[in-house]
Amino acid sequence: MYYKYKGQDIYYEITGVGPHLVMLHGWGVNSNSFSEIVKSIKTKYQVITIDLLGFGMSDEPHQPLTLDEYTESIYLLLSELGVDCPIILGHSFGGRIAIKYARLHTVSSIILVDSAGIRHRSLKIRYKIISYKIKKHIYRIFRPKKLKELMNNTGSSDYRNATNIMKKTMSNVINIDLKNDIKKLKCETLILWGFNDQVTPIEDAHFINQNVKASKLIIFYNSGHFPYLDEQDKFTKILMNGGL
């Protein structure tokens, strides 16, 4: 099924019975990554899986999006469906949206799975960013070929593989630090995290747990960034037991 947001189609599926559980995927994947989990939990929840704009069967946005726009698109879709107090599960990039959604709208609870949103800017990283911007400026004026090479070889694989619109979207999103939003969360928050995550480190999970009073942290010691794939049985059992 599709919902139209600002002239762009967002693909979603609904399956199962029970409380509404909205599942938001990470960057570079789509809602299909949750397919095996959905099969196992649809007897307990009415699961709503969504391909975020720019991924899966949803349209690529006409122009770069912000985190607020992604959050708004989910809110308007759920409003259209009559869902007003969902459980929001967000993995990685989807976790950013879950945090922002919970700050702006009513939720039953949120489940953060190796969530992004905590900005890490060490002196080394700041130096790399400044160096990149200087090179980019010089190459744009004097060496256009080197500029293309610089941009093709800089950033994560997600960034390099993205279209220009999605590159700008990614920049818009990752430049937002959600530490203050996390500290203001009042809803019940379940934190599920892979101990060996190299993308969003386990320290981020502890930060969330320490700063959200109504939170519970469960660590997946044999997992990386995708605990719902690496330890699927454990992940499913937690959701089926209500998590919180």
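Which backbone oxygen lies 2.7 Å from a polar atom of the side chain of H91? I looked it up: the backbone oxygen belongs to H225.

I noted the basis before going on. This is a predicted model, where local features need pLDDT of at least 70 and side-chain atom pairs pLDDT 80 or more, while totals for chains, interfaces and linings use all residues. Residues are numbered from 1 along each chain as its sequence is written, and side-chain values use heavy atoms, without hydrogens and water.

**H91.** I placed H91 in strand β5. Strands here are DSSP runs of E, at least two residues, and helices are runs of H or I, at least four, numbered from the N terminus. H91 has 1% relative accessibility, so I count H91 as buried (under 20% relative accessible area, 1.4 Å probe, protein chains only). Beyond four places in sequence, H91 contacts residues including L24, F34, V113, D114, H225 and Y228 (heavy atoms within 4.5 Å).

**Sheet.** I traced eight strands in an open, mixed sheet, ordered β1-β2-β4-β3-β5-β6-β7-β8. Two strands pair if DSSP finds at least two bridges between them. β1 (2–5) and β8 (215–220) each have a single partner strand, so one side of each lacks a neighbour in the sheet. I then checked β1 against β2 (residues 8–16): they are antiparallel, over four bridges. Y2 has Y11 as its bridge partner in β2.

**Helix over β5.** I found helix α3 (residues 93–104) lying across β3, β5 and β6 (109–113), at about 145 degrees to β5. Axes are lines fitted to C-alpha atoms, for helices over the stretch in contact, with angles from 0 to 180 degrees between N-to-C directions.

Definitions and conventions. Buried means under 20% relative accessible area, exposed over 50%, partly exposed in between (1.4 Å probe, protein chains only). A polar contact is a pair of N or O atoms within 3.5 Å; within protein, one must be able to donate a hydrogen and the other to accept it, and residues adjacent in sequence count only if both atoms are side-chain atoms.
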